[in-house]
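Let's take a look at this protein together. Have a first look at the fold, then read on.

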Amino acid sequence: MNIEEKIKSFYAGTLDILKPHEIYCKCYKCDRTQEVMDSKIIAAFIMLREQIGEPITIKSGFRCPQHNRFCNGASNSMHMSGSALDLMPKNYNIDEFYSLCLAIPTINGLGKGKYFVHIDCRYGERTQWTY
């Protein structure tokens with residue numbers, strides 16, 4: 001199955017490594033769901049998951065504006081456009097996981113925290129930061 005077929009499987013809810021409910025807004029109040037996620041970020045997640053061969057916890061996917069404020073997210077957060085994920089590898093060193101993220105060319109935004117990595121598919125030059 002190529003990446004386009006995997007993305008279609010994701011939206012059909014049949015992809016084994018990623019289910020739509022994992023990236024819903026965590027406020028559980030808004031009506032914004034997986035249809036707002038950018039296919040580039042879904043493809044990047046699938047590539048990462050296949051590279052490490054083990055589950056990756058999605059700490060944050062799409063955020064509605066209210067939930068983004070609750071999370072103290074940036075006012076122009078890529079989460080609100082469905083182009084970002086905060087990921088926590090279960091049994092993987094965070095520095096090594098960050099290096100894997102760096103190797104994926106469509107990931108242009110990378111933030112490293114103590115226990116998670118933020119990835120996004122922003123336009124323009126690659127931007128990196130630490131939390």
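Below is a short tour of the model, its sheet, its core and its cysteines.

## About the model

This is a predicted model, where local features need pLDDT of at least 70, side-chain atom pairs count only at pLDDT 80 or more, and totals for chains, interfaces and linings use all residues. Residues are numbered from 1 along each chain as its sequence is written, and side-chain values use heavy atoms, with hydrogens and water left out.

The pLDDT is the predictor's confidence in each residue, from 0 to 100. The protein averages 89, and 93% of the residues score at least 70. Confidence is lowest in α1, at a mean of 71, and highest in β4, at 98. Those labels come from DSSP runs, numbered from the N terminus: helices are H or I with at least four residues, strands are E with at least two.

## The sheet

Here you'll find an open sheet of five strands in the order β1-β2-β4-β3-β5, with mixed pairing. The edge strands, β1 (56–60) and β5 (127–130), each pair on one side only. Two strands count as paired if DSSP finds at least two bridges between them. In general, strands of a sheet pair through backbone hydrogen bonds, either parallel or antiparallel.

Take β2 (residues 84–89) and β4 (residues 117–120): they pair in the antiparallel sense over four bridges. Leu 87 stands opposite Val 117 in β4. Helix α4 (residues 94–102) packs on the sheet and touches β1, β2, β3 (109–112), β4 and β5, where contact means heavy atoms within 4.5 Å.

## The nonpolar core

A nonpolar core is a set of buried Ala, Val, Leu, Ile, Met, Phe, Trp, Tyr and Cys residues joined through side-chain atoms within 4.5 Å. Buried means under 20% relative accessible area, exposed over 50%, and partly exposed in between (1.4 Å probe, protein chains only). The largest core has 32 residues, and Ile 42, Leu 48, Leu 85, Leu 87 and Ile 119 touch the most other members. Helix α2 gives the most to this core, with eight residues.

Leaving aside residues up to four places away in sequence, Leu 48 touches several residues, including Ile 56, Leu 87, Phe 97 and Ile 119.

## The cysteines

How many disulfides are there? The count comes to zero, a disulfide being a pair of cysteine sulfur atoms within 2.5 Å. The sulfur of Cys 30 is 3.7 Å from the closest cysteine sulfur, in Cys 27, so that is too far for a bond. Cys 64 is buried, at 3% relative accessibility, and its sulfur is 3.7 Å from the closest cysteine sulfur, in Cys 25, again too far for a bond.

Methods: Axes fitted to C-alpha atoms, helices over the stretch in contact; angles between N-to-C directions.
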